[in-house]
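Visitor: Could you walk me through how to read the helix packing and the core in this model?

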Amino acid sequence: MTSSTTSGGQAADSTRERLRAAGLRATGPRVAVLGWLSDNPHSTADQVAGAVRRTLGSVSTQAVYDVLHACTSAGLLRRIEPAGHPARFECRTADNHHHLVCRACGRAEDVDCVHGSAPCLVPSSTAGYSIDEAEIVFWGLCPDCASAAE
């Protein structure tokens, strides 16, 4: 059995196809970054860099930032920036979902849009903008931090 017929090989092949479809070369760092984020959404750049280094060996932090930027620009990744916390990245880009963020530890979770279509909220005035997305962040304490606080 070749590596491309295993589930990990199939995932890597699918990632390479997604990169090429987005007009990007399927380099090792790009495949590793997208692979990590598909299983570890809401990771910071530092977390991604550490994981990619464990997978590929020596990869510069700048190379990881370049991959994150290129993949975000190509629509393969979404960057979320919860106030007071480092930017986080995820592969879930094709919908208008929102996030729950823990005030204490920064853990983030997806929460689906209540109305299900983009944008799920309508502003009182658009000021002439053509609105296509609403970004909502719900703040609170995750179950682990809430238990620790009790």
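Visitor: What is the handedness of the crossing where α2 passes α3?

Guide: A crossing is left-handed if the near helix is turned anticlockwise from the far one by less than a right angle, and right-handed if clockwise. Here α2 passes α3 in a right-handed crossing. Helices (H or I, at least four residues) and strands (E, at least two) are DSSP runs, numbered from the N terminus. Before going on, note that this is a predicted model, where local features need pLDDT of at least 70, side-chain atom pairs count only at pLDDT 80 or more, and totals for chains, interfaces and linings use all residues. Residues are numbered from 1 along each chain as its sequence is written, and side-chain values use heavy atoms, with hydrogens and water left out.

Visitor: Which residues of α2 and α3 make the contact?

Guide: Contact means heavy atoms within 4.5 Å. From α2 come G28, P29, A32, V33, W36 and L37, and from α3 come Q47, V48, A51, V52, R54 and L56. By class, nine of the residues in this contact are nonpolar, two polar and one charged. In that scheme Ala, Val, Leu, Ile, Met, Phe, Trp, Tyr, Cys and Pro count as nonpolar, Asp, Glu, Lys and Arg as charged, and the others, Gly among them, as polar.

Visitor: How are α2 and α3 oriented to each other?

Guide: Axes are lines fitted to C-alpha atoms, for helices over the stretch in contact, and angles run from 0 to 180 degrees between N-to-C directions. Angles under 35 degrees count as roughly parallel, over 145 as roughly antiparallel, 65 to 115 as roughly perpendicular and the rest as oblique. The α2 and α3 axes come within 9 Å and cross at roughly 120°, so the two helices are oblique to each other.

Visitor: And at what angle do the axes of α2 and α4 cross?

Guide: They cross at roughly 70° and come within 10 Å, so α2 and α4 are roughly perpendicular to each other. P29, R30, V33, L34 and L37 of α2 meet V67, L68, A70 and C71 of α4. This contact has eight nonpolar residues, no polar ones and one charged.

Visitor: Which residues touch the most other members of the largest nonpolar core?

Guide: A nonpolar core is a set of buried Ala, Val, Leu, Ile, Met, Phe, Trp, Tyr and Cys residues joined through side-chain atoms within 4.5 Å. Buried means under 20% relative accessible area, exposed over 50%, partly exposed in between (1.4 Å probe, protein chains only). The largest core has 21 residues, and L19, V33, L37, L68 and C71 touch the most other members. Two or more residues each come from α1 (7–21), α2 (28–39), α3 (45–56) and α4 (61–73), with α2 giving the largest share, five residues.

Visitor: What is L37 in contact with, leaving aside its neighbours within four places in sequence?

Guide: L37 contacts S43, V48, L68, L77, F89 and C91.

Visitor: Where does T93 lie?

Guide: T93 lies in the loop between β3 (88–90) and β4 (98–102). Because its relative accessibility is 32%, T93 counts as partly exposed. Residues up to four places away in sequence aside, T93 touches G75, L76, L77 and R78.
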